[in-house]
Amino acid sequence: MTASPRAATRTAALAAALVVLAAGCAAAPGLHARPAAAQPVCAGPAVIGHRGSPLDAPENTMASFETALRQGADWLETDVQTTRDGVPVLMHDATVDRTTNGKGAVADLTAAEVAALRVTVGPGPDEPVPTLEQLLERLSGSSVTLLMEIKWQRAEDVTRIARLAAGSGARVFLYSFSSEHLRQAHAAAPDLPVVLIQGASFAEDPGDLPLHGIALDATLATASRIAAERRAGREVYVWTLDDEDSWQLMTERSADGLITDAPGRARRWADADCRTGPPAAPRGARAH
């Protein structure tokens, strides 16, 4: 079909106007075109900051979480233990020995005693141990998802944690190695998605637990396993992935989330280099 002279004239005028506009933007301060290589090139998995960004700040601290968010993490991941007097705090280990300047089991310390400690593991200045409530308040009303691991603890603590998360206004997914903990959490907060963690050395059977997803150790995250979980209607998050080859492999296998200690590098890679295979789809095409 041949265009009419009038249409051709309009097209030429529009093209000239776009050239002028582009030149003006290039010359204006702060309006530089983003390099083509930096454009998102695939509908990749969510980048999930494992304990925040622990290669840049002490793990599971507000400084670590804020760093991960600045670096472009889509989700945050954390761990919850409960103090002797029933306050949920963010700590991976059952004791404070490895990560802080203190000693003892979290469950044997009061909230005041934990608050007096400083997290010393990781780069940067020492940081206080956050409460769960502090992080939930920070994320309330935001689009960031918190993947929150309920560590092994008393049933009443599991219930308290789930209810606190449900009433926070934050977007929270509850996850745990314990299917029983997830049942207790689901009973207390049925609107929150639950995710079972499975590792190479420990993997409970979820039975009839209504899982939203499953978090797999990378050694378990084969293409066939991920495909089977997705056919069952479950999302798949893989841990802990800190290099480009792993990010690419799990992207090709259609994982929904990359749990990583290096969310900044993962974000840059996902925006510039990841490939789902030709043709590349825009990032965000698949909901998380």
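The model is predicted: local features need pLDDT of at least 70, side-chain atom pairs count only at pLDDT 80 or more, and totals for chains, interfaces and linings use all residues. Residues are numbered from 1 along each chain as its sequence is written, and side-chain values use heavy atoms, with hydrogens and water left out.

**Confidence**

pLDDT is the predictor's confidence in each residue, from 0 to 100. The chain average is 86. A score of at least 70 is reached by 81% of the residues. Residues 1-40 stay under 50. The model gives that stretch 14 contacts (heavy atoms within 4.5 Å) beyond four places in sequence. Residues 278-288 are also below 50 in pLDDT. They have 30 contacts beyond near neighbours in sequence.

**Strand β11**

Helices (H or I, at least four residues) and strands (E, at least two) are DSSP runs, numbered from the N terminus. Strand β11 spans residues 257-260 and is covered on both faces. Gly257 and Ile259 are buried on one side, Leu258 and Thr260 on the other. Buried means under 20% relative accessible area, exposed over 50%, partly exposed in between (1.4 Å probe, protein chains only). Two strands pair if DSSP finds at least two bridges between them.

| Partner strand | Bridges to β11 | Direction | Facing residues |
|---|---|---|---|
| β1 (residues 46-50) | 4 bridges | parallel | Gly49 and Thr260 |
| β10 (residues 235-239) | 2 bridges | parallel | Tyr237 and Gly257 |

**Pro206**

Pro206 sits in the loop between β8 (194-198) and β9 (213-217). Its relative accessible area is 15%, so Pro206 is buried. Beyond four places in sequence, Pro206 touches Ser179, Arg183, Leu196, Gln198 and Leu211. Leu182 is 24 residues away along the chain, with 9.2 Å between the C-alpha atoms of Leu182 and Pro206.

**Cavity and pocket**

On a 1 Å grid over the protein atoms alone, a cavity is a set of points where a 1.4 Å probe fits but cannot get out, and a pocket is an open set with protein on both sides within 12 Å along at least five of seven lines; lining residues have an atom within 4 Å of a point. The model has 1 cavity of 30 Å³ or more. The largest cavity has a volume of about 40 Å³. Its lining includes Glu59, Leu90 and His92.

The largest pocket has a volume of about 160 Å³. It is lined by 13 residues, and His50, His92, Glu149, Phe177 and Trp239 are the closest to its centre.

Methods. Grid points are joined across faces, edges and corners, and a volume is the space filled by probe spheres set on the points.
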